[in-house]
Amino acid sequence: MKFGTKLIHNGHAVDPATGALGTPIYNTSTFRQRSVDHFGAYDYSRSGNPTREALEDAVALLENGSRGLAFSSGMAAISTTLLLFSPGDHLVVCEDVYGGTFRVLTTVFARLGVTCSFVDATDPAAIEAAIRPETRGLFLETPSNPLMKITDLRGSAALARARGILTIVDNTFMTPYLQRPLDLGCDIVLHSGTKFLNGHSDVICGFAVTKDEELGRRLKSLQNSFGAVLGPNDSWLVLRGLKTLKVRMEESQLSAGVIAAWLSEQPEVAEVFYPGLPGHPGHEVHAGQASGPGAVLSFKLATYEITRRLLEGSQLSAFAVSLGGVESIISYPARMSHAAVPREEREKKGITDTLVRLSVGLEDVHDLIADLERALKG
Ligand SMILES: Cc1ncc(COP(=O)(O)O)c(C=O)c1O
């Protein structure tokens with residue numbers, strides 16, 4: 001089955017009890033058991049709920065994994081996955097990892113004795129140089145947030161695998177429609193499902209997906225132990241949102257390409273970061289591991305005044321945290337996604353006070369450009 005068909009026919013598209021076109025919302029915390037000797041498939045909704053399971057199976061199918069797990073947020077998926085590691089373990093992490101991931105690693109996990117080195121993961125030699133005897137994990141995002149830096153997933157996963165290191169990829173920006181890290185040799189795929197997978201800016205959720213069944217069992221046990229699961233109502237909303245992932249991504253990506261090209265020609269714009277632009281560093285590597293550049297781009301404005309005018313003046317793109325919704329969202333990494341990163345560190349990474357990120361939604365691209373033009377020119 002092709003991807004678009006899998007979105008609709010995922011093994012849970014028809015309720016076997018009634019023939020309803022969709023999974024019912026099982027709003028229950030517990031399940032009545034018939035026999036002391038044989039419990040049913042479900043006993044308690046933290047351990048398993050049919051609505052959540054339908055969603056978990058659907059996301060696993062899309063990522064070509066054997067097990068998917070749904071969490072109450074992207075950070076819950078990330079933090080639970082990091083519980084695979086123990087005091088004394090070391091991780092190599094891409095330097096412009098999502099700010100929340102940076103925060104949990106450098107505060108909570110550092111305190112628990114899991115250390116990490118942040119590296120420019122676009123350079124395989126930098127990854128290799130950071131690996132120590134106690135390194136157990138390699139944590140990547142590509143394209144990275146917000147500078148759209150590209151890491152070679154195949155090469156990095158091979159490097160890690162040869163040393164017994166787990167490769168973990170946050171695939172939020174690409175979604176499995178455009179990039180499937182498990183097929184490239186990576187071990188765990190993570191998502192903020194809050195973004196494109198749900199797609200409608202109305203749910204906070206996260207996912208972890210694995211191909212290896214033993215690793216899947218370990219993660220499932222951590223999900224149940226830590227307990228940050230997604231509720232049945234939210235699971236149902238994401239199941240519904242997921243059905244249109246392909247058409248949403250296609251349309252938004254098309255518009256993002258047009259907007260990136262237009263921005264590149266504006267005198268108020270100093271630099272555009274979008275993997276679809278031929279001059280983008282890593283353009284070739286990206287094309288070799290993903291089937292499209294996606295619907296998120298970043299750009300630097302000529303001055304702080306123009307930056308502020310754009311953020312506050314855009315009518316169609318909501319000045320907000322987040323991305324991946326049907327509505328365009330313009331955000332300010334320095335004060336939003338990367339506010340947790342100290343200023344000096346941020347500036348060093350290129351996340352300056354003139355950098356903005358645009359997640360392109362489903363509005364007509366002509367209207368979006370007219371709106372950006374109005375806000376840019378003042
Ligand atoms: C790339 C990436 N990973 C993880 C997260 C965290 O996800 P959530 O906000 O659903 O906890 C985000 C949120 O913005 C993100 O952009």
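Biologist: Which residue caps the N-terminal end of α14?

Modeller: This is a predicted model, in which local features need pLDDT of at least 70, side-chain atom pairs count only at pLDDT 80 or more, and totals for chains, interfaces and linings use all residues. Residues are numbered from 1 along each chain as its sequence is written, and side-chain values use heavy atoms, with hydrogens and water left out. A side-chain oxygen of the capping residue lies 2.8 Å from the backbone nitrogen of His-366; a polar contact is a pair of N or O atoms within 3.5 Å, where within protein one must be able to donate a hydrogen and the other to accept it, and residues adjacent in sequence count only if both atoms are side-chain atoms. The residue that caps α14 is Asp-364.

Biologist: How far apart are the end C-alpha atoms of α14?

Modeller: Helices are DSSP runs of H or I with at least four residues, strands are runs of E with at least two, and both are numbered from the N terminus. The expected span of a helix is 1.5 Å times one less than its number of residues. Helix α14 covers residues 365-377, and its 13 residues agree with that expectation, because the distance between the end C-alpha atoms is 18 Å.

Biologist: Within what arc do the buried residues of α14 fall?

Modeller: Buried means under 20% relative accessible area, exposed over 50%, and partly exposed in between, with a 1.4 Å probe and protein chains only. The buried residues of α14 are Val-365, Leu-368, Ile-369, Asp-371, Leu-372, Ala-375 and Leu-376. They line one face of the helix, because, seen down its axis, they fall within an arc of 160 degrees.

Biologist: Which exposed residues lie on the other side of α14?

Modeller: The buried residues of α14 are covered by elements including α10 (245-264), β8 (269-273), β9 (296-301), α12 (304-313) and β12 (355-359), where contact means heavy atoms within 4.5 Å. The other side carries the exposed residues His-366 and Arg-374.

Biologist: What share of the ligand's exposed area does the protein bury?

Modeller: Of the 13 residues around the ligand, Gly-74, Asp-170, Ser-192, Thr-194 and Lys-195 come nearest; a residue counts as near if one of its heavy atoms lies within 4 Å. A polar side-chain atom of Asp-170 lies 2.6 Å from a ligand nitrogen, an N or O atom in the side chain of Thr-194 is 2.6 Å from a ligand oxygen, and a polar backbone atom of Met-75 is 2.9 Å from a ligand oxygen. Taken alone the ligand exposes 390 Å² (Shrake-Rupley method, 1.4 Å probe; for residues, only the protein chains shown count as cover). The share that the protein buries is 91%.

Biologist: Is Thr-151 buried or exposed?

Modeller: Thr-151 lies in the loop between β4 (135-141) and α6 (153-161). Its side chain reaches the backbone oxygen of Ala-121 at 3.5 Å, and its contacts include Thr-122, Leu-140 and Val-285. Because its relative accessibility is 2%, Thr-151 counts as buried.

Biologist: What is omega for the cis peptide bond that joins Asn-145 and Pro-146?

Modeller: Pro-146 lies in the loop between β4 and α6, and Pro-143 has its place in the loop between β4 and α6 as well. The peptide bond from Thr-142 to Pro-143 is cis, with omega near -5 degrees. For the cis bond between Asn-145 and Pro-146, omega is about 10 degrees.

Biologist: What is the phi of Thr-175?

Modeller: Thr-175 lies in helix α7 (residues 175-178) and counts as buried at 1% relative accessibility. Although Thr-175 is not a glycine, its phi is positive, at about 65 degrees.

Conventions: The arc is that of the directions from the helix axis to the C-beta atoms. Lists of a residue's contacts leave out its neighbours within four places in sequence.
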